[in-house]
Amino acid sequence: MEPAPAKAKPQGRLLVSTQLDAKDELEERLERCVVIVQALTNGLSEREANDALTANVCKGQQQHEEVCLGLFTLVLTEPSQAQRCYRDLTLVNRDGMNIVLVKINQILMEKFLKLQDNPRTQLVWLVRELVKSGVIGADGVIMTLLKQIAGGDISAKNLWLAESVLDILLDQKEWVLKSGMLIAMSVYTYLRLIVDHGTPNLLPLRQKEVDFCISMLREKFMECLIIGRDLVRLLQNVARIPEMELLWRDLLHNPQVLSPQFTGILQLLTARTSRKFLACRLTPDMETKLLFMTSRVRFGQQKRYQDWFQRQYLSTAESQSLRCDLIRYICGVVHPSNEVLSSDILPRWAIIGWLLTTCTSNVAASNAKLALFYDWLFFNPEKDSIMNIEPAILVMHHSMKPHPAITATLLDFMCRIIPHFFPPLESQVRQGVFNSLNFIMEKRVLAHLAPLFDNPKLDRELRSMLRERFPEFCSPPSPPTEVKMEEAVSMEMDNHVLDKEEGCYDHTEAAFSDDEEEVNNKGKKREFRFHPIKEAVVEEPADITPWLDQLDDTMKEKVQQIQKTSDTETQCEVMQEVVDLIMEDDFDTEQMSALASCLAELFKDHFRGEVLPEEITEESLEESVSKPVCLIFRNLVTMQEDNSGFSVLLDMLAELYQKQPKIGYHLLYYLKASKAANGKMMLYESFAQATALGDLHTCLMMDMKACQEDDVRLLCYLTPSIYSEFPDETLRSGELLNMIVAVIDSMQLQELMCHVMMGNLVMFRKDSVLNILIQSLEWETFEQYSTWQLFLAHSIPLETIIPILQHLKYKEHPEALSCLLLQLRREKPSEEMVKMVLSRPCHPEDQFTTSILRHWASKYDDTLGEHIKAQLIKNNNQPRKRQSLRSSSSKLAQLTLEQILEHLDNLRLSLSNMKNNCEHAHTHTHTHTHTHTLREQLILLRSMMPLLFLSVFSQTPILQALQHVQASCDEAHKMRFSDLFALAEEYEDSQAKPLKSRRKAPASSPRSRKGVAPPTNNEEESASSSASEEEDSKPKAPKRKRRGSSAVGSDSD
């Protein structure tokens, strides 16, 4: 018998679900409430049913909630019974419909997108009834419902929702006028939606929206005034609609008509828009996704989330207008904490840059830029937040290298918006932008603006306009002056006393190495990333009162002893007693968290300042690891892992790590510096597995990141040990390498290279070096050069990383190309090298391939000729089709015949130009002077330069290969590379002539170029006389025959 088919999961009547979805908890609860109501009312008349429900509600709070939610659910799922169920609900309800309002808001915020069609329709009907009944709190539900109307969406469901809510507002206008916030929120919403409803079929809806907005603005303008400056932005977008144009004129020229308290448009523009209004134009789902990206997604891993968001919300032509809402929300609502700012979480500027680059409409792009700069125009440092203006400057700063066009268009917009936003207020706009830039520098978001405003990547006209508009910010930073240490400390303290809420940044950003070295601040971080300014250190007594009561009496006594004494030796003795108590069998592990909090508070001073001694000796290292907190490390080092106390002490250390994250790199330092810990570095792996992270790689990277931010010298000191002890975690990616090269200076780089040369440090291995170098292409210039220097210090064959050539673009990756060019210069060409060099796309400005081929031709002409022949023959035998160069490995390297011919032709032109320049110089000099010295120089030039040209293009393998290609290629290629193929024709002719004839006529040898005129008689005589003088003064060198060039003799090779 065949097995019976599995029963399909019953479909709920409230939410849309599939067979794979688990039953929704909210839906299950509401269905249980429906069953209870139906059990109470089945078979009863309406009056009896109402009495039964009332009697049940009176039993208690739970029964009241069950009956109300059951009737609420029946309203949503049974349209035919909705009127009766709502009547019963109003009769039995005892809390002013509060339980129903809470549940409606929950569904709107969490489940609205999953609602089936009937429940969605009924939900709007229920809200209408609540408004009719004047239920207190219904205005909050209406505002939540307004939030579900998506901008940039003209789908049927969204249009239905927009019109349905508008009908409620129009029908219940008197009720609406009682709530100032609802008036402002509805006006803000529908002013924004009018822009999306401009197509002919939507004009009736747009007219209703226009009438509603004008009515509210004219009757309740002061209530709308609380919107702030974004009200002007929305009105600008709809000002061309005739009815709106009249309102717009009154706003500009006759403000008293709108309200006697309204003084003019400047009053609006100087008022910052509340977060409530900016957030109301994003649906809850959009808001959740954006907050997730800005708080959980790591920078560099955002593409999949951005692609999803684009498919879901930004894929249609109408959705272009949504970008303004998103940018205003990010600038005005998403204000990350200092902790997030200092982490590798996706920054706000990166999301805004992505939104700008995906604009496909010029109007949408202009509106998006205005949304980005809108808070700049009337910025007041006393009222506005740095976080509102920070994204714009960071988008421009970070886009300068990868996308200079974005930076240029934003800077151009910033300049042009000043006179054009509203000419009568030009001076106020100019002052607002000036205040913004000044505040940006004051808060150290960017240390200097000159590198941005006067960047050579910007065109001359734009730079001139920037200098004209902002001369104060275009001058380069003044050279550093000598600062006394007391003054430096006071300056640093001043910088620390900044408002944390404003998201301040580390004042070391964008400072040059020389500037930093003027003050003796060794070990301070110098990273081109943004970090919060550390709070000023204020010595306060440790307060461990909240946790003391959670400790047993013995432990409490020991902890208090540590608190009372400041003597390090005494603290160490007591700390050892604490460790002994922890390792006792009867130690209560429940007090571990409280003990860790106490120790973290007591020893917080030990984690401040630099760990590594200024002068590194055995004595200074031992002294630096003699702190009380190191007693835990020492006991772990001396214990065996199978000891029962080992795991308890390790758990204690992991608990302490949660309270004080710096404990991780302090443990690494102890294991490196202490004699007692020699050879015990793997203890760190046990520690990492015991932490909440539970992963060695993650824990190690986090600890090294913390070390990088606190003490660069310590980072360099730990680097050799970390790489040697944990090769699988450090060598498989460039994460740690990037941390190092981002902060080291030239002296520290040289020290690391010495470690590599001496064999103490290995930072690359063959199986992963290529991927790491590819990752480094996105790093800053000094970081890339440092990476290449460290790579070159290793003895890794160049062929291992030669496939990186396929990833290098001459405009975007000059650092890698220059380092690779110098290294290739030292190498004898192999077949793989020649293949990769030839596989680079041809571009008139990209001289990489031509320069290295020319160098190889002068030193390894025979070898180069053989390899070029092999590539010509191989690619000539392949089908004529375009091939991709997208591979990152040498096995997938693709090369086309056309590319090879283009590169060879470029090489031919380069050598030909050099030869012609040489002959021109000789002719010019001969007509003016006959000095012996110049003759010698010209003899040398004329003897070597033509030979360089002849040596590579007289190689028999290349000429044979060119013959082979010419015979099989089409006429278009023959015409295009006619000069190149002419060399092969001359070679073929020379092979057909008798050997004797060829010797008498060297001009017809394959080394002569087609189209180059023979020298005149005067030149021949001059050259021969000069040559004879040269031969008289120097002994003749023995002649050396070259393969394929026997017809030419030379005095020198």
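Colleague: How do the residues lining the second largest cavity divide into nonpolar, polar and charged?

Modeller: They split into 2 nonpolar, 5 polar and 1 charged. Ala, Val, Leu, Ile, Met, Phe, Trp, Tyr, Cys and Pro count as nonpolar, Asp, Glu, Lys and Arg as charged, and the others, Gly among them, as polar. Bear in mind this is a predicted model: local features need pLDDT of at least 70, side-chain atom pairs count only at pLDDT 80 or more, and totals for chains, interfaces and linings use all residues. Residues are numbered from 1 along each chain as its sequence is written, and side-chain values use heavy atoms, with hydrogens and water left out.

Colleague: Which residues line the second largest cavity?

Modeller: Pro 841, Cys 842, His 843, Asp 846, Thr 849, Thr 850, His 903 and Asn 906. A cavity here is a set of points on a 1 Å grid over the protein atoms alone where a 1.4 Å probe fits but cannot get out, and lining residues have an atom within 4 Å of a point.

Colleague: And what does the lining of the largest cavity have by class?

Modeller: That one has 6 nonpolar, 2 polar and 1 charged residues. Its lining includes Val 611, Lys 627, Phe 633 and Tyr 669.

Colleague: Switching to packing, which residues of H17 meet H19?

Modeller: Met 286, Glu 287, Leu 290 and Leu 291 of H17 meet Leu 322, Leu 326, Tyr 329 and Ile 330 of H19, where contact means heavy atoms within 4.5 Å. By class, that contact has 7 nonpolar, no polar and 1 charged residues.

Note on methods: On a 1 Å grid over the protein atoms alone, a cavity is a set of points where a 1.4 Å probe fits but cannot get out, and a pocket is an open set with protein on both sides within 12 Å along at least five of seven lines; lining residues have an atom within 4 Å of a point. Helices (H or I, at least four residues) and strands (E, at least two) are DSSP runs, numbered from the N terminus.
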